[in-house]
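Work through the exercises below with the sequence and the 3D structure at hand. Try each task before reading its solution.

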Amino acid sequence: CFDNQTFFDNFNGQAAGTNPLGWVVNEPSGSSINVTSQSIEGSSSVILTRRTTNPSMSHAFVPEENNMTISFMVNHSSGSGRARIEIESIDSFGSAYNDYIVLKMYSGQIRNVGTSITPYSLNSIYNISVQTVPSTSRFNLYVNNVLVGNNLQASANGTNVARVNFLTETS
């Protein structure tokens, strides 16, 4: 999921039907987040299911200020909903997380917030990597090891990366 020295989690060895270990999980009524044996890599993965409300799962780690690559695999498998990935910084007091990079997947496009970057297809597995030096407020976006967005503008200024958040959102 991330630089192995900062954080790594592929959910392997975790029990199917449970929440992912080490992640903060928000499952509002009508939604679920569960480890599954329907893996896209290894023996396990996590499914976020939105029925009427949007679930989310996040993982915080020691703030990183240097060049870093954040990688994850995703399979967006629903039609009208949106997948959202937030890469967040933390303020200088260590008390509030702020969006730094926001990727969205909907209507057949992987987007930097609302700006289309590259197409995708439902029910297909994508290896997505974000390469950034937080103080630059810029990033490179790779999909399946191909550079699809070079020197993209981050959603906000930040001096570090300290948390990743996966969630769904309604259109």
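The exercises go from the whole chain to single residues.

This is a predicted model, in which local features need pLDDT of at least 70 and side-chain atom pairs count only at pLDDT 80 or more, while totals for chains, interfaces and linings use all residues. Residues are numbered from 1 along each chain as its sequence is written, and side-chain values use heavy atoms, with hydrogens and water left out.

**Exercise 1.** State how many helices and strands the chain has.

Solution. Helices (H or I, at least four residues) and strands (E, at least two) are DSSP runs, numbered from the N terminus. Counting these runs gives 0 helices and 13 strands.

**Exercise 2.** Find what share of the residues is buried.

Solution. Buried means under 20% relative accessible area, exposed over 50%, and partly exposed in between (1.4 Å probe, protein chains only). By this cut-off, buried residues make up 44% of the 171 residues.

**Exercise 3.** Describe how strands β8 and β9 pair.

Solution. Two strands pair if DSSP finds at least two bridges between them. Strand β8 covers residues 109-112 and strand β9 residues 115-119. They pair in the antiparallel sense over 4 bridges. Within this pair, Gln109 stands opposite Pro119 in β9. The hairpin has 2 residues between the strands, and Val113 takes a positive phi near 55 degrees.

**Exercise 4.** Locate Thr52 and say whether Thr52 is buried or exposed.

Solution. Thr52 lies in the loop between β3 (45-50) and β4 (56-64). Its relative accessible area is 61%, so Thr52 is exposed. Contact means heavy atoms within 4.5 Å. Leaving out residues up to four places away in sequence, Thr52 touches Ser29 and Gly30. Thr52 and Gly30 are 22 residues apart in sequence, and their C-alpha atoms are 5.4 Å apart in space.

**Exercise 5.** List what Thr159 touches, not counting residues up to four places away in sequence.

Solution. Thr159 lies in the loop between β12 (146-153) and β13 (161-169). Beyond four places in sequence, Thr159 touches Glu64, Glu65 and Pro134. The C-alpha atoms of Thr159 and Ser56 are separated by 24 Å.
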